[in-house]
Amino acid sequence: MTLAKRIIPCLDVDRGRVVKGVNFLGIRDAGDPVEVARRYNEQNADEITFLDITASHEARGTTLDMVSRIAGEVFIPLTVGGGIRSCDNIRALLNAGADKVSINTAAVTDPDFVYEASQRFGSQCIVVAIDAKRVSEDGEPPRWEIFTHGGRKPTGLDAVAWSRKMVEYGAGELLVTSMDRDGTREGFDLGVTRAISDAVSVPVIASGGVGNLDHLVAGVKEGGADAVLAASIFHFGEYTIEQAKQYMADQGIEMRL
Amino acid sequence: MTIAIIDYGMGNLHSVAKAIEHVSPDERVTITRDARAIKGASRVVLPGQGAIRDCMGELERTELTGLVKELLKDASKPLLGICVGQQMLMDKSEENGGVRCLGYMPGRVTRFNDQALDEQGQRLKVPHMGWNRVHQHHMHPLWEGILTGERFYFVHSYFVQAEDDAHAMGYTDYAGSRAHVATGRDAVFAVQFHPEKSAEAGLRLLANFVAWSP
């Protein structure tokens, strides 16, 4: 087996700036997205994910410009997510240089959109974001549901069944984020990662909760993830991507060093 | 000198254009479906994404099938096939219930087994997505400066198996199959992986393509 597991640094971008870690380090601003992307590329990142968390609509143009600037100098796969609702949105992002788009809320409100997008642009560029929260009590068999609006709004959808459905509809990859763990630095929710990874044939990216390098290892070994996504542990120089990759390789995981 | 990226409506051509512009700032890179512009270019890229039936269908609909076949015969004009652009050069693909392709190289296109397990008993995912090793099977000017076993970025579920060993320029093993991820004949070189997304190794391959005089 020589296919490498991937490390994907994630840039949460608000009004043109990378943000994250406000809860933990008291730092709000992690820099210019183009600079940050360039740094991760130099550190041998396997892909980059750019999540536009800007609430306002008028900042769309800024995102396209950022994506275009990153794509002009960073020659690794670039996934862009955040507020994607139409094939026109996808077309504009791909034209700007994105390689994949991550569809979140729109997949829940209109699953046919995932089907239409994958038919039109190919499954290889359609990532569906699965934002899951554990809903079972301790002692019960574990169960997770899909939540939208940053984990505030329940949908009643079972996360594993929903993941299967999204793959049937044409998702080429799933970005599984634990809304319980996101921002906690306690590690991935390995249960949901494993349950979804075992249930689908497409690659799964584990996300939400990474606080140290052992969490990345566990995401692959116990969670069965094909790729691991993290933000804050890289943004402030705590670890470089290279260190993380070397650490994972030392634990016997196939990596691109 | 102009490098034409054939735009027959399938897939994202901007990444390829940006990467070629990056390695050859002096060349003109154009994304086009204009037959005259493609004929006039000194080098041509045949990309392809999505389902092969759609790719072959769109090539036909944009009336470029004949032109591409003509270009393939021109042993002085380098052509680079990428992803489904590699698969289209073969006789046929088993995707979409069987699709006849351009027939430039004998061989077939089949699907990876999505039931295969790795050494740890984990299911191997299809599409084959991510960075895998490419082993160089024959010497070729496009391998110049790239080590055998170097990793490139892949996203695909179907793969090429060339009938003629002389056409198999490089291979990758995945899910129990040996995929000929680089194929070549005369002035044509084609890859299953995405050089435009494969960091330094990919940029080197593109630079080699721009410098190649077969």
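This is a predicted model: local features need pLDDT of at least 70, side-chain atom pairs count only at pLDDT 80 or more; totals for chains, interfaces and linings use all residues.
Me: What is the strand order of the open sheet of nine strands in chain B?
Reply: This sheet is open and has mixed pairing. From one strand to the next, the twist averages 25 degrees. The order in chain B is 2-1-3-4-13-12-11-8-9.

Me: Do strand 1 and strand 3 of chain B pair in the parallel or antiparallel sense, and over how many bridges?
Reply: Strand 1 covers residues 2-6 and strand 3 covers residues 43-46 of chain B. Ala4(B) stands opposite Val44(B) in strand 3 of chain B. The pairing is parallel, over three bridges.

Me: Which helix of chain B packs on the sheet, touching strand 1 and strand 3?
Reply: The strands of chain B that the helix touches also include strand 4 (79-82), strand 8, strand 9 and strand 13 (188-191). Its direction makes about 140 degrees with that of strand 3 of chain B. The helix is helix 6 of chain B.

Me: In the open sheet of four strands, which strands of chain B stand at the edges?
Reply: The order of this sheet is 6-5-7-10 in chain B, with mixed pairing. Each edge strand has a single partner, so one side of each is left without a neighbour in the sheet. The edge strands of chain B are strand 6 (99-100) and strand 10 (158-162).

Me: Which residue stands opposite Lys92(B)?
Reply: Strand 5 (residues 90-93) and strand 6 of chain B run antiparallel and are joined by two bridges. The residue opposite Lys92(B) is in strand 6 of chain B. That residue is Arg100(B).

Me: What area do chain B and chain A bury between them?
Reply: The contact takes 32 residues from chain B and 41 residues from chain A. Lys125(B), Met129(B) and Trp131(B) supply 24% of the area that chain B buries against chain A. Of the area buried between the two chains, 51% is on carbon and sulfur atoms. The total is about 3000 Å².

Me: Which residue of chain B forms a salt bridge with Glu254(A)?
Reply: Three salt bridges are found across the interface of chain B and chain A. In the one with Glu254(A), the closest N and O atoms are 2.5 Å apart. The partner is Arg151(B).

Notes
Residues are numbered from 1 along each chain as its sequence is written. Chains are lettered from A and ligands numbered from 1 in the order in which they are written. Side-chain values use heavy atoms; hydrogens and water are left out. Contact means heavy atoms within 4.5 Å. Buried area is the accessible area (1.4 Å probe) that two parts lose on being put together, summed over both. A salt bridge is a side-chain nitrogen of Lys or Arg within 4 Å of a carboxyl oxygen of Asp or Glu. Two strands pair if DSSP finds at least two bridges between them. Axes are lines fitted to C-alpha atoms, for helices over the stretch in contact, and angles run from 0 to 180 degrees between N-to-C directions.
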